[in-house]
Each structure stands twice: as C-alpha cells, then as structure tokens.
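Here is a short report to read beside the model. It goes from strands to rings, then to the core and the charged pairs.

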Amino acid sequence: MSQSAYIKFVEGSTVSSMTLEELQEHLANYKEQLTLTGQQLGWEYANAGFPYTFETKPEAEGKWFYLKGKDDGYKHIVMGVGNDADGEAARSYVQVVLPNDATHGDKAKANELCKHLGKQMKAELHLFNGRIMYFNPRK
C-alpha cells in the first residue's frame, strides 16, 4: 500500500499555497545547492544527493508529477499539490507519495526532501510514519 507525507502550509508559513511549477523550482534549487556542495568537496554530489529526473504524464498535467530514479536503488516518488478545508479556512499542502514498489532509498530521499521543504517554507510536516514536525513559529 502506498504511503503519503504532507507538507501543510499553516499560519506562520512563508507561503500560503504552492503550484507544481513552484514546487519543481524549489526542488531544482535544492539540486543546485547539492551541486555547489559537491564542487566544494570535489565530488559529484548532485547525482548522489538527488538521483531523480522530473517526469510528467498527460493525465497528471497540473495535478502531480513524479521523480524518476536514475540509479538502481531508486525507482520513483510522486509529488502533487492540493487544498483541504480545515474548518472555515482552506489550507494548501504538498503531498509526497511513495508508491507500492518504492525502495528504501526512495523513502529516505522523500523524508529528506520533505524536511528540506518544510524548513524552507516553515510548514507543518506530516511524515510517512504519522508523526508531525513543526517548522512554523508557534506560540
């Protein structure tokens, strides 16, 4: 059975909603950071740190995309955006899905990406195991 993690934009988050293009932009910036880190270390770290390519399917246009693994240890991670009615206000979120055939490497990278995006956007992160991490400022 597939597993999902959610990055929810709450009060105090740096953004209130996100589009798929903005999400891909954030992931491209993350990959660029890994490239710069690799240059400092003298190692091709970008391929090891982000072993995926962006892929879309015609039926998923505007709803989700997936990260297709380049190496044997990685298959794919599905990412999408949506809205959810929470009381009176609608909250936006990013959903990260691990399909049934995802590897342990995919789960580790998905956790890493979720934590990075949660920190960047000061969001509330609901992990695959049901735990919640709060990166947003709370009183």
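Contact here means heavy atoms within 4.5 Å. The model is predicted.

Start with Leu125, which lies in strand 6. Is Leu125 buried or exposed? Its relative accessible area is 0%, so Leu125 is buried. Leaving aside neighbours within four places in sequence, Leu125 is in contact with Tyr6, Ile7, Cys114, Lys115, Arg131, Ile132, Met133 and Phe135.

Ala5 is 120 residues away along the chain, yet the two C-alpha atoms are 7.4 Å apart in space.

## Strand pairing

Strand 1 covers residues 3-8, and strand 5 covers residues 89-98. These two strands pair in the antiparallel sense over 6 bridges. Gln3 has Leu98 of strand 5 as its bridge partner. Tyr6 stands opposite Gln95 in strand 5.

Strand 1 also pairs with strand 6, residues 124-126. That pairing is antiparallel too, over 3 bridges. Here Ile7 stands opposite Leu125. How enclosed is strand 5, and why? Of its 10 residues, 7 are buried, so strand 5 is largely enclosed by the rest of the structure.

## Aromatic pairs

How many aromatic pairs does the whole structure hold? The search finds 7. One of them joins Tyr6 and Tyr93, with ring centres 5.5 Å apart. Their planes meet at 75°, over the 60-degree cut-off, so the pair is edge-to-face. This pair links distant parts of the chain: Tyr6 is in strand 1, Tyr93 is in strand 5, and 87 residues separate them. Tyr6 is partly exposed, because its relative accessibility is 27%. Tyr93 has a relative accessible area of 16%, so Tyr93 is buried.

Trp43 and Tyr45 form a tilted aromatic pair. The centres are 5.1 Å apart and the planes are at 40°. Trp43 is partly exposed at 49% relative accessible area. Tyr45 is partly exposed as well, at 24%. Ring pairs also link a cluster made of Tyr30, Phe50, Tyr52, Phe54, Phe65 and Tyr74.

Tyr6 has a charged neighbour too. The charged end of Lys8 sits over the Tyr6 ring, 5.8 Å from the ring centre.

## The nonpolar core

In soluble globular proteins, nonpolar side chains tend to be buried together. In this model, the largest nonpolar core has 28 residues. Which residues have the most contacts inside this core? They are Ile7, Leu27, Phe50, Leu67, Ile77, Met79 and Val96. Several elements give two or more residues to the core: strand 1, helix 1 (20-41), strand 3 (64-69), strand 4 (76-86), strand 5 and helix 3 (104-121).

Take Ile77 as an example. Leaving aside neighbours within four places in sequence, Ile77 is in contact with Tyr52, Phe65, Tyr66, Leu67, Val96, Val97, Leu98, Asp106, Lys109 and Ala110. Leu67 and Val96 are among the core residues with the most contacts. Phe65 and Tyr52 are members of the ring cluster.

## Salt bridges

The structure holds 2 salt bridges. In one of them, the side chains of Glu124 and Arg91 meet at 3.9 Å, N to O. This pair links distant parts of the chain: Glu124 is in strand 6 and Arg91 is in strand 5, 33 residues apart. Are these two residues buried or exposed? Both are buried.

Lys109 and Glu112 also meet in a salt bridge, at 3.6 Å, N to O. The two residues are 3 apart in helix 3, so about one helical turn separates them. Lys109 is buried, because its relative accessibility is 12%. Glu112 is partly exposed at 30%.

How values were computed:
Residues numbered from 1 in each chain as written. Predicted model: local features only at pLDDT ≥ 70, side-chain atom pairs only at ≥ 80, totals over all residues. Heavy atoms only, no water. Pairing = 2+ DSSP bridges. Helix = DSSP H or I, 4+ residues; strand = E, 2+ residues; numbered from the N terminus. Phe/Tyr/Trp six-rings, centres within 6.5 Å; stacked < 30°, edge-to-face > 60°. Buried < 20%, exposed > 50% of the residue type's maximum accessible area, 1.4 Å probe, protein only. Lys NZ or Arg CZ within 6 Å of the ring centre and 35° of its normal. Core = buried A, V, L, I, M, F, W, Y, C linked by side-chain atoms within 4.5 Å. Salt bridge = Lys/Arg side-chain N within 4 Å of Asp/Glu carboxyl O.
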